[in-house]
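Hi there,

Have a look at it first, then read on.

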Amino acid sequence: MNSVLTPRLTNQILFGVNYFNQVFNDANHSFDTHAMGLFTSQDALIHGQPILGAPSIAISGFEQVGITNPSGRNDITGMLTDIVSYNVGKHQFRFGGEMRQGHVDEFYFRHSRGAFNFDGSIGQGLGLWPTCAAGDQVCSATNALADFLAGDFVSSSIAVGNAERKVVVNGFDFFAQDSWQLTRRLNFNWGLRWDYFGPLHSGNKDLAVFIPSAGGIKIQGNGISSIFPPDKNNFAPRLGFAYQPTSREDLVVRGGIGVFYDQINMNPFLDFRPPNAADGLEDNPAGPSAVSTYSLGIGQWAPNTYLYPGVTTCVTGNVATDPNCGTSTFDVFSVNQNFRTPYFFNYNLNVEKSFGNGMAVWEVGYVGSQARKLSVMLNINQLAGGATVISPITGQPTTNGNLISQFPNYGGVNQLNSIGT
């Protein structure tokens, strides 16, 4: 809505709502594995119901099935902007602000159906299948298929629990700027903007974040107010100019520099999809919607028998202080408590020359940018240089040992940091 309040004063109000919906699944996800005798975990559920569809089955030499687990997101974002323009003398002032609120329902049940790998090594090791010559792909594929038919997998994994999160993100900004016509040939622009991008939060109090300095996993809204302290120092100055060196008005020099803050992406917080299993805040083994990830080595499908335990809540990462942690190792997700909003320096210089009454234009320009506080994911539990220690939980060598004395039940610890340049 545009309003002309006086010959010098105008006001513009903008309002909008954006809707986005995206869902992924296998084309055919009607398989009921329980009816077929395959039981993964009693907590492999979505909204209290068993998850339909084929598990991820990889048989060496054959196509993989069950690749896409049920996942997706639904976003509704509303915004309200008000801009006031005021002209006086050689100045054109603009003032304004914007409020935004995003509602996100993210349901990435990644690894929820279970993943099983068959490579033929089980039956071959027992002498049930022939030993394949090097490079004999037909023999290797046949043995892998035989292992599958026998239900003998070489490795498997699953994530059980409620991986759906409904979060809200608030943001607002204010700005003021002036276009100042210093002389007939020189225009100067300057301004200041302040941005606020609030941390995502949930009224369900089910966002769990691992904070090493706080002794384990904490729940947003129940012990901590936000998953990281809000960043309120996002001041962004802007400067620019346009200059005509001669009276012929066929040569213009323009330049500018400014600071620009960036809206924080949602995916690294909730569903980062790293090589290890700690996908994001939705996969931590604590809180009212805990998710536990389990891995098995060599095993066999046992009809009508659960292969994996259910959800295990392991808040402190130490079975000595939290018996619920048991003998399992959990990958967890963390956000650095010094996490800050990323920002950019953008700068440019441009020279434009016209020829022949504007029939031809020659232009040369330079544009540059530098970024600070960019997001970087680190496994803060990983030992340097590929070193290993013996896990007191599994008794096996592990490269995750930086935090092992305080949090022995935690394996990979993915932490989102703002340290990139």
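Below is what turned up, with the cavities first, then the nonpolar cores and some strand pairing.

A word on the ground rules: this is a predicted model, in which local features need pLDDT of at least 70 and side-chain atom pairs count only at pLDDT 80 or more, while totals for chains, interfaces and linings use all residues. Residues are numbered from 1 along each chain as its sequence is written, and side-chain values use heavy atoms, with hydrogens and water left out.

**Cavities**

There are 2 cavities of 30 Å³ or more. A cavity here is a set of points, on a 1 Å grid over the protein atoms alone, where a 1.4 Å probe fits but cannot get out, and its lining residues have an atom within 4 Å of a point. Volume is the space filled by probe spheres set on the points, which are joined across faces, edges and corners.

The largest cavity holds about 120 Å³. Its lining has 13 residues, and Thr33, His34, Thr40, Ala44 and Ile51 lie nearest the centre. By type, that lining splits into 5 nonpolar, 6 polar and 2 charged residues (Ala, Val, Leu, Ile, Met, Phe, Trp, Tyr, Cys and Pro count as nonpolar, Asp, Glu, Lys and Arg as charged, and the others, Gly among them, as polar).

The second largest cavity has about 40 Å³. Among the residues lining it are Tyr108, Arg110, Asp279 and Asp283.

**Nonpolar cores**

A nonpolar core is a set of buried Ala, Val, Leu, Ile, Met, Phe, Trp, Tyr and Cys residues joined through side-chain atoms within 4.5 Å, where buried means under 20% relative accessible area with a 1.4 Å probe, protein chains only. The largest has 26 residues, and Phe210, Ile217 and Tyr410 touch the most other members. Apart from this core lies another, of 20 residues, including Val169, Ile227, Leu281 and Phe339.

**Strand pairing**

Strands are DSSP runs (E, at least two residues), numbered from the N terminus, and two of them pair if DSSP finds at least two bridges between them. Strand β11 (residues 164-181) pairs with β7 (residues 91-107) in the antiparallel sense over 17 bridges; in this pairing, Gly97 has Phe174 of β11 as its bridge partner. β11 also pairs with β12 (residues 186-197), again antiparallel, over 11 bridges. Here Trp180 stands opposite Phe188 in β12, and a hairpin of 4 residues joins β11 to β12.

Enjoy exploring!

Technical notes. 1 Å grid on protein atoms, 1.4 Å probe; cavity = no way out; pocket = protein on both sides within 12 Å on 5 of 7 lines; lining within 4 Å. Buried < 20%, exposed > 50% of the residue type's maximum accessible area, 1.4 Å probe, protein only.
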